[in-house]
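Subject: Structure handover and notes

Dear colleague,

I am passing on the structure we spoke about, and I would be grateful if you could look it over alongside the notes below.

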Amino acid sequence: MISYNPLWNTLKAKGQSTYTLINKFGVPASKVHRLRHNLPITTTTLDDLCKILDCRVEDILEFEKDEKENG
């Protein structure tokens with residue numbers, strides 16, 4: 001499964017927050033909600049986040065093997 005856990009560390013390292021994503025950069029609150037709950041996002045959103053945070057894709061998401069999928 002895709003996890004957005006690296007995003008929260010990147011935000012902190014860059015001195016940003018979900019508040020600034022929403023209010024300064026215009027990221028819809030619904031997309032922040034999707035990120036918080038590890039729901040799918042588009043590559044356009046991923047591209048936007050990389051531009052906003054001046055970071056790489058792996059600074060936003062990671063793949064975590066889901067043990068349930070091994071069956």
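The notes that follow go from the overall layout to the core, and then to individual side-chain pairs.

Please bear in mind that this is a predicted model, in which local features need pLDDT of at least 70 and side-chain atom pairs count only at pLDDT 80 or more, while totals for chains, interfaces and linings use all residues. Residues are numbered from 1 along each chain as its sequence is written, and side-chain values use heavy atoms, with hydrogens and water left out.

The protein chain contains 4 helices and 2 strands, where helices (H or I, at least four residues) and strands (E, at least two) are DSSP runs numbered from the N terminus. Read along the sequence, these elements follow the pattern β-α-α-α-α-β, and the C-alpha trace spans about 45 × 20 × 20 Å along its principal axes. Of the 71 residues, 27% count as buried, taking buried as under 20% relative accessible area, exposed as over 50% and partly exposed as in between, with a 1.4 Å probe and protein chains only. Among contacts (heavy atoms within 4.5 Å) with a separation of 6 or more, residues 24 or more positions apart account for 66%.

The largest nonpolar core has 14 residues, of which Leu-7 and Ile-60 touch the most other members; such a core is a set of buried Ala, Val, Leu, Ile, Met, Phe, Trp, Tyr and Cys residues joined through side-chain atoms within 4.5 Å. Helix 1 (5-13), helix 3 (29-36) and helix 4 each supply at least two residues of this core, and helix 4 gives the most, with 4 residues. Leaving aside neighbours within four places in sequence, Ile-60 is in contact with Ser-3, Tyr-4, Pro-6, Leu-7, Leu-46, Leu-49, Cys-50 and Cys-55. Thr-10, found in helix 1, is buried at a relative accessible area of 9%, and, with residues up to four places away in sequence not counted, Thr-10 touches Leu-53, Cys-55 and Asp-59.

A search of the whole structure finds 2 salt bridges, each defined as a side-chain nitrogen of Lys or Arg within 4 Å of a carboxyl oxygen of Asp or Glu. One joins Lys-51 and Asp-47 at 3.0 Å, N to O, and both residues lie in helix 4 (residues 43-53), 4 residues apart, about one turn of the helix. Lys-51 is exposed at 61% relative accessible area, whereas Asp-47 is partly exposed at 38%. The side chains of Arg-56 and Glu-58 also meet in a salt bridge, at 2.2 Å, N to O; Arg-56 is exposed at 56% and Glu-58 is partly exposed at 42%.

Finally, the charged end of Arg-36 sits over the ring of Trp-8, 5.2 Å from its centre, where the rule asks for NZ of Lys or CZ of Arg within 6 Å of the ring centre and within 35 degrees of the ring normal.

With best regards
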